[in-house]
Amino acid sequence: MRAGVPACGTGAGLTDGRLTDLVIAAGGAATRCWNTVEAARRLEPAVPATPPTRRWWYIRVMNEPDAEVVQPAMLERRVDPARYGGVVRPDKTVRWAADELKQVRQMRGRSPDTWPTPTALPESLDQLAKWLTELGWDDLTCLARREELAVYRTLSAVQPGLFADQIVHALAALRHSLMECRRYEEALEVVEELLRLSDTSRSAQAEAPDARYWRTLLLAKLGRDQEAVESAAEAVTETRGRLQHAGATSASLELIHALTAYADRLDKVGRVAEAAEVSAEVMAAWWQQADSTVQFLQTLDLCSERLVRSGQTEQAHACIVEAMGKMRRRKRDTYQARAWHNLGVRLIALGAPEAALTACEEAVQLYRDSARAHQEWHRELEAEDDWDDDQRYSEAYLLKRRREELKSSRKEVRRAQQDLHDALLTLSACLQQLDHIDEAAAAGSEAATLRD
């Protein structure tokens, strides 16, 4: 190679040798490349013999059509309405993406000195990735994110530490896109890198809790269940230690989610009794949180179910009864109905119809309130007479929207009635076990009317 130009080796990190760009700082003081020595050798003439001081050269080691980057032809595809996330017509978003890609292509292969700003190319790639995400083209989003990450790495090689925050942001965004594509192995690599960076980068430290959560989830999705258990346990230990160091007196939402993930992973590998114990801690933590009654009830349901599966039926019964006593001090809400229904079913299965009666009656009342509210909302919707007054839209569109709204509302009413029907049948079964025959028959008759 030309004197004064260092040799370049295969790039590390997440570029996988696919983005093959080389940045050379003044006098060859700093070099970063993503290709083999042979690729750099073939482009020796592109490097000036005596580069001016403080100048950069952005050298193309691979022709653009050959590189794994987003190309204009890739945007000539159908937009799937089910995946489209934009708020305007899809063709507009496609046009915006094409315009952004045009700017990206104008900067590719050029010195950063010629860009409008020192970070114009990666910022434009970031915006391109956002448009592609809106279009539901996550495979292309991954390409844009990888290129963005590669450019920031290149810039960082010349100015170490200056782009640490941007690299972390790009990694986190790439992880999300890979997850959407279900490319879990690659997403796990990204998460592992974020965790490695957290040892030295403040930005990565802020991302570390999420990274630990995603590492556990990804390991589970890949079927590496024992590793997932270990990862979840590590996340709990780290989070608990950090909270204790900060002097926290109660569990944070971060710790609650970490404990929940740990319990799920223990359950998956058959350590059900341990999972129930962790769930009990989660339940206690939710009770301390404001406006978390539904989460408390859901965790109670899961904890009792795990106690039953691990042969601890008496503990399951006691756990539910104690929690129901606490619940009498909390505000009632229709969102709690399903959890109460599940608790009633479980207590009946445990042979405790007396305790189940309270839960079943609560579920029926809440479901009845919900069904009444949905019926009232539907009547109000039917009574609206200004649904076609919006001059911004055509009459055909307004009529279609009106029909869809009414259809959706009727569906919600039927769902609420079905929930009430199921709760009434459970209450009837509970009353029968208690020999309250007349009341059981009344509940069954009311349920029958909801099937008409």
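Biologist: How many of the residues of the protein count as buried?

Modeller: Of its 452 residues, 44% count as buried, and please keep in mind as we go on that this is a predicted model. The protein has 16 helices and 3 strands, and it exposes about 23800 Å², with carbon and sulfur atoms supplying 49% of that area.

Biologist: Which residues is Leu-300 in contact with, leaving aside its neighbours within four places in sequence?

Modeller: With those neighbours left aside, Leu-300 is in contact with Met-283, Cys-319, Ile-320, Ala-323 and Leu-343. For the protein as a whole, among contacts with a separation of 6 or more, 64% are between residues 24 or more positions apart.

Biologist: What lines the largest pocket?

Modeller: This pocket holds about 330 Å³ of space, and of the 14 residues that line it, the closest to its centre are Thr-334, Tyr-335, Ser-370, His-374 and Asp-419. Helices H13 (337-349), H14 (353-383) and H15 (395-433) each supply at least two residues of the lining, with the largest share, 6 residues, coming from H14. By class, the lining divides into 6 nonpolar, 3 polar and 5 charged residues.

Definitions and conventions
Residues numbered from 1 in each chain as written. Predicted model: local features only at pLDDT ≥ 70, side-chain atom pairs only at ≥ 80, totals over all residues. Heavy atoms only, no water. Helix = DSSP H or I, 4+ residues; strand = E, 2+ residues; numbered from the N terminus. Buried < 20%, exposed > 50% of the residue type's maximum accessible area, 1.4 Å probe, protein only. Contact = heavy atoms within 4.5 Å. Areas by Shrake-Rupley, 256 points an atom, 1.4 Å probe, with all protein chains shown as cover. 1 Å grid on protein atoms, 1.4 Å probe; cavity = no way out; pocket = protein on both sides within 12 Å on 5 of 7 lines; lining within 4 Å. Points joined across faces, edges and corners; volume = space filled by probe spheres on them. Nonpolar A, V, L, I, M, F, W, Y, C, P; charged D, E, K, R; others polar.
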